[in-house]
Amino acid sequence: MARLELRGLRKQFGRGVVALDRLDLEVGSGELVSLLGPSGCGKTTALRIVAGFEVPDEGEVLVDGVDVVGLPASRRNMGMVFQSYSLFPNMTAEDNVAYPLRIRRQPKAERQRRSGELLAMVGLATQADRYPHQLSGGQQQRVALARALAHEPAVLLLDEPLSALDAKVRVTLREEVRRVQLELGITTLYVTHDQEEALAISDRVAVMSEGRLEQVGTPAEVYASPRSPFVASFVGTVNRLEATVASRAERTVRCGELVLRVGAEDFEHPDGTTVALYVRPEDVTVRPLTDGPAPAGAGGTVRGVTFLGSVTRVRVDCSLGSVVADVSSEEALHLAPGEAVSVELDPRRLRTLAPA
Amino acid sequence: MLRYLGVVPLGAYLLVFLLIPTGELVVDAFRDPSGTFTLSNVTTIFQAQYLSSFAASLELSALAALFGGILGFFAATAVVHPNAPRLVRSSVTTFSGMAANFAGIPLAFAFTSTLGATGVITVAFRHVGVSLAAVNPDATTLGLALVYTYFEFPLMLLLLVPALDGLKREWREAATNLGASGFTYWRTVALPILVPSLLGATVLLFGGAFSAYATAYALSGSTGNLVTELIGNLTNGNVTVDPQLAYALAFGMIVIITVLMVIYGLLQRRASRWLR
């Protein structure tokens, strides 16, 4: 197991397009870290620099403390799974997996043993003699994963490996990637723009924007405690409301007609300042006004109801602004556009950030 | 039946300009001038002088396909290289489109005036003590092969550029990532993928050289020994006119090309088994 460190990586393409702006990141031994960000944020560039396909203008890529920037890609002992299917079409699944061993002149028996073992690990033992075009997209990516692991690389790199697959296969395969990664305990850097995917499989998530790291943390930290407006809005769905700090000492803000006590401990805003208040849809409660005594929330009107399966997303216009809430689909049966409702925010889940 | 309506024009074209003439040619190869069936025309082409013509044509075609193929392959590889300036690609492919069709009398004259016995390059080299007799296009198979290469290699380039474009960047990067050198990538991945295209293009080059007539005729006049030149002499010659023998020689060419196509088909099938 190896430790991967990216130190001060900088990369500029052409005139003025800064793809990476002094990126620092550590991936511990056996850890899976996802680089998460929108298209063009520099995540793939970072991965390609680690793999050796791009040369950084500045910075180091350390594997167990040794800078590999000067090494050609073929000598970095890394395995990579690409976004598009990159299996060699002229080779069977078995030959593809055995390819790195063939390059290393391993005996044929050993190659067959190892490729058989890896294909079994990704559930494709019976497809060994199939050519890539005879395999589905998901199967091809499984073979690609097995191939990337065949030579026991120090680091595994995955560049949006599931983005070309359909939704259901994506979910199955991401679980499989995680299972294999945990089974082998291989240090892994995973690039994706899909926040759900990143949150589901990572030990830590590194959120990137415009060539810089916005936040690094466990999926729960990044989701529950975003440190920047970008992270708050990019990771998951979030309501952004305007509020004024009522009392720093009491950690209270005024939002519309409500005064809310913010649960987060790092509440450092001076009294009277305007802040952005972030709350997830699942932390918003919507009650029909016909339910018993007058609720403590802000009054509003339902503007839209979207069925999403187990939950239903309800959009409400109220004195706080436009708020979306995820309510159980059973409760949502009583909600319809135009209906008067009360909106309550869970104060323990409120996050405040200085406006961007 | 309606679904085949679209291919009717192509079928009619093939019938009128390929199948009927070929059929007539084959039938005439087995007739004497009075129209009676005979095997003598076909047996005649097995005489040493005609067999040597076939050998010369085959040798020339093989050399031209080899030279054109190798040159065209490397030129195409350079043109599609990711680091090659766009201007190079567009200018080279435009030039190739023109050069691939530059054959016959103009090409023969171009080479005679440069590499012929009194060509400017030949004379210039003679002044510094170097003889270019071995590549004289008027007199040697090698020289004639070089002339053919002039239109064969751009054709190869035009045929291979799309195939090379089809090589995905990820294949090279995956091979490199897995430890392969550039050479190993070409040997184990790129070339095997390209073999069907390379075979197809080479056969086309061979066929083009095997059936070429005007360039060779313009260079060697009536003294040439290629099958196409013999056919020309036997149908239009001033001394010996024997159309029946010309048909038999053309029939021999058809047989050779058919055999080549069968071999090509078998190789292609083997090389592209991963596509099935």
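**Exercise 1.** Find which helices of chain B each supply at least two residues of the lining of the second largest pocket, and state which helix gives the largest share.

*Solution.* Step 1: helix 9 and helix 12 (243-271) of chain B each supply at least two lining residues. Helices here are DSSP runs of H or I with at least four residues, strands are runs of E with at least two, and both are numbered from the N terminus. A pocket is found on a 1 Å grid over the protein atoms alone, as an open set of points where a 1.4 Å probe fits, with protein on both sides within 12 Å along at least five of seven lines; lining residues have an atom within 4 Å of a point.

Step 2: the largest share, 9 residues, comes from helix 9 of chain B.

Step 3: of the 17 lining residues, B:Val203, B:Leu204, B:Phe206, B:Gly207 and B:Ile257 lie nearest the centre.

The model is predicted: local features need pLDDT of at least 70, side-chain atom pairs count only at pLDDT 80 or more, and totals for chains, interfaces and linings use all residues. Residues are numbered from 1 along each chain as its sequence is written, chains are lettered from A and ligands numbered from 1 in the order written, and side-chain values use heavy atoms, without hydrogens and water.

**Exercise 2.** Describe the lining of the largest pocket by position and by class.

*Solution.* Step 1: the volume of the largest pocket is about 580 Å³, taken as the space filled by probe spheres set on grid points joined across faces, edges and corners. Among its 18 lining residues, B:Val80, B:His81, B:Pro82, B:Arg169 and B:Arg172 are the closest to the centre.

Step 2: helix 8 of chain B gives the most to this lining, with 4 residues.

Step 3: the lining has 7 nonpolar, 4 polar and 7 charged residues. Ala, Val, Leu, Ile, Met, Phe, Trp, Tyr, Cys and Pro count as nonpolar, Asp, Glu, Lys and Arg as charged, and the others, Gly among them, as polar.

Step 4: for the second largest pocket, of about 360 Å³, the classes are 13 nonpolar, 4 polar and no charged.

**Exercise 3.** Give the strand order of the open sheet in chain A and name its edge strands.

*Solution.* Step 1: the order of the 6 strands is 6-7-8-3-9-10, with mixed pairing; two strands pair if DSSP finds at least two bridges between them.

Step 2: strand 6 (78-81) and strand 10 (212-217) of chain A are the edges, each pairing on one side only.

Step 3: strand 9 (residues 204-209) of chain A pairs with strand 10 of chain A in the antiparallel sense over 5 bridges.
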